[in-house]
Amino acid sequence: MFYIKQGVVLLLFLLGLSGCTGDNEEVREMSEEHKLRVIAGEHVIACTPVNQELNSMDTFKAFFADESLAEIKSIKTTETVLLKFEGDQPIEVTVKDILLSSDGNYLYPDKLSPETSLTNKNNSFSFVLGKNTTSALNSQFEPGKMNYRGFKIDATWESGGKTYIFAIKEK
């Protein structure tokens, strides 16, 4: 009886391990296949894949930590931003343009953040940065104020979807 219990425990343990290995391989394959490079002019912008479960109001906080803040690039509003996916190209890509405070929080609710129109040419999605229309909600002009913007990119493939984020300073 003791040996049967040990055999059942060992079998359950091995089944658990095989299930975990399969999931990790799938996650690893998806992350290797679907890397995203963001390029604006001469700048390569740090882009991070994120979990869907993140609280949207503080999604960009990591970019505003003391050691990361200096890495946020200043980009002109006339600049074209390229989204280059490695591997299979997504079926659908949407980009949300979100105004951020100086500590990385949303300035306005997510539902007020506009989606950006994309162009797809030569396996690269692109858009012109332009002005964020939500900025018109602020009635107080502050000269010299640094405007921070966060971008949330949702990409969909036949095998699933992935979300990426990046932040910039507006020039």
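1. Two strands are taken to pair if DSSP finds at least two bridges between them, and by that criterion strand S4 (residues 74-75) and S11 pair in the parallel sense over two bridges. Within this pairing, Ser74 stands opposite Lys169 in S11. Strands (E, at least two residues) and helices (H or I, at least four) are DSSP runs, numbered from the N terminus.

2. On the basis of the note: this is a predicted model, in which local features need pLDDT of at least 70 and side-chain atom pairs count only at pLDDT 80 or more, while totals for chains, interfaces and linings use all residues. Residues are numbered from 1 along each chain as its sequence is written, and side-chain values use heavy atoms, with hydrogens and water left out.

3. Strand S11 also pairs with S10 (residues 147-157), in the antiparallel sense and over eleven bridges, and these two strands form a hairpin with two residues between them. Trp157 stands opposite Gly160 of S11. Strand S3 (residues 48-50) pairs with S11 in the antiparallel sense over three bridges, and here the bridge partner of Pro49 is Tyr164.

4. Nine of the eleven residues of S11 are buried, so the strand is largely enclosed by the rest of the structure; buried means under 20% relative accessible area, exposed over 50%, and partly exposed in between, with a 1.4 Å probe and protein chains only.

5. Glu170, found in strand S11 (residues 160-170), counts as buried at 11% relative accessibility. The side chain of Glu170 makes a polar contact with the side chain of Arg149 at 2.8 Å, a polar contact being a pair of N or O atoms within 3.5 Å, where within protein one must be able to donate a hydrogen and the other to accept it, and residues adjacent in sequence count only if both atoms are side-chain atoms. Leaving aside neighbours within four places in sequence, Glu170 is in contact (heavy atoms within 4.5 Å) with residues including Ile75, Lys131 and Met146. Glu170 and Ser74 are 96 residues apart in sequence, yet 5.7 Å apart in space, C-alpha to C-alpha.

6. A separate point concerns the open sheet of five strands, which has the order S2-S1-S5-S9-S8 with antiparallel pairing. Strands S2 (43-45) and S8 (119-121) stand at the edges with a single partner strand each, so one side of each is left without a neighbour in the sheet. Within this order, S1 (residues 36-40) and S5 (residues 80-85) pair over five bridges in the antiparallel sense, and the bridge partner of Arg37 in S5 is Lys84. Ser126 belongs to strand S9 (residues 124-128) and is buried, with a relative accessible area of 15%.

7. A search of the whole structure finds eight aromatic pairs, where rings of Phe, Tyr and Trp (its six-membered ring) pair if their centres lie within 6.5 Å, and planes under 30 degrees apart count as stacked, over 60 as edge-to-face and the rest as tilted. The rings of Phe64 and Tyr148 have centres 5.0 Å apart and planes at 75 degrees, so the pair is edge-to-face. Phe64 lies in the loop between S3 and helix H2 (66-69) and Tyr148 in strand S10, so the pair ties together parts that are 84 residues apart in sequence. Phe64 and Tyr148 are both buried.

8. The rings of Phe85 and Trp157 have centres 5.7 Å apart and planes at 80 degrees, so this pair is edge-to-face. Phe85 in strand S5 and Trp157 in strand S10 are 72 residues apart, and the pair links distant parts of the chain. Both residues, Phe85 and Trp157, are buried, and together with Phe125 and Tyr164 they form one aromatic cluster.
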